[in-house]
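Dear colleague,

I am handing over a structure for you to look at, and below it you will find my notes on what was found. Please keep the structure open beside the text as you read.

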Amino acid sequence: MPLIRDNRVLLVEDMETFMVVEHLIQDGIISETDQEIIQNNQTKKEKAVCIIDIVGRRRSRGLQLFAKALKETNQHHLWKALKTAGSQKVTMLEIEIKTHIR
């Protein structure tokens, strides 16, 4: 997923993983087995990498609920990074479409 890939370093460095996991479990993105795998990682960064990889496998629904979890856990700078990257991609797509229509 480009939005996650483009923000991967920031997400790994800054994400507070515990509450994000709880939200993703509640939303059905992370299973109890996934939670165990995440918790078996030692560092916060390793847990963040694991979460990002799992969310990436869940496609657009996973991304939407991941962004929602970031917002709801007051990790607004991470949520904004995903939102801003998404807006830029949409804007570039709109420009490309308009260019081809003319």
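Ala-69 counts as buried, because its relative accessibility is 0%, where buried means under 20% relative accessible area, exposed over 50% and partly exposed in between, with a 1.4 Å probe and protein chains only. Please bear in mind that this is a predicted model, in which local features need pLDDT of at least 70 and side-chain atom pairs count only at pLDDT 80 or more, while totals for chains, interfaces and linings use all residues. Residues are numbered from 1 along each chain as its sequence is written, and side-chain values use heavy atoms, with hydrogens and water left out.

Ala-69 is found in helix H6; helices (H or I, at least four residues) and strands (E, at least two) are DSSP runs, numbered from the N terminus. Leaving aside residues up to four places away in sequence, Ala-69 touches Val-20, His-23 and Leu-24, a contact being heavy atoms within 4.5 Å. Although Ala-69 and Met-19 are 50 residues apart along the chain, their C-alpha atoms are separated by 8.0 Å.

**Thr-73**

Thr-73 lies in the loop between helix H6 (59-72) and helix H7 (76-101), and with a relative accessible area of 16% this residue is buried. Again not counting residues up to four places away in sequence, Thr-73 touches Met-19, Val-20 and His-23.

**Helices H3 and H5**

The axes of helix H3 (residues 17-26) and helix H5 (residues 44-57) come within 10 Å and cross at roughly 25°; axes are lines fitted to C-alpha atoms, for helices over the stretch in contact, and angles run from 0 to 180 degrees between N-to-C directions. H3 and H5 are therefore roughly parallel to each other, since angles under 35 degrees count as roughly parallel, over 145 as roughly antiparallel, 65 to 115 as roughly perpendicular and the rest as oblique. Where the two helices meet, Thr-17, Val-20, Val-21 and Leu-24 in H3 face Lys-44, Lys-47, Ala-48, Ile-51 and Val-55 in H5.

**The chain as a whole**

The secondary structure of the chain comes to seven helices and zero strands. Of its 102 residues, 37% count as buried, and among the contacts in the chain with a separation of 6 or more, 74% are accounted for by residues 24 or more positions apart.
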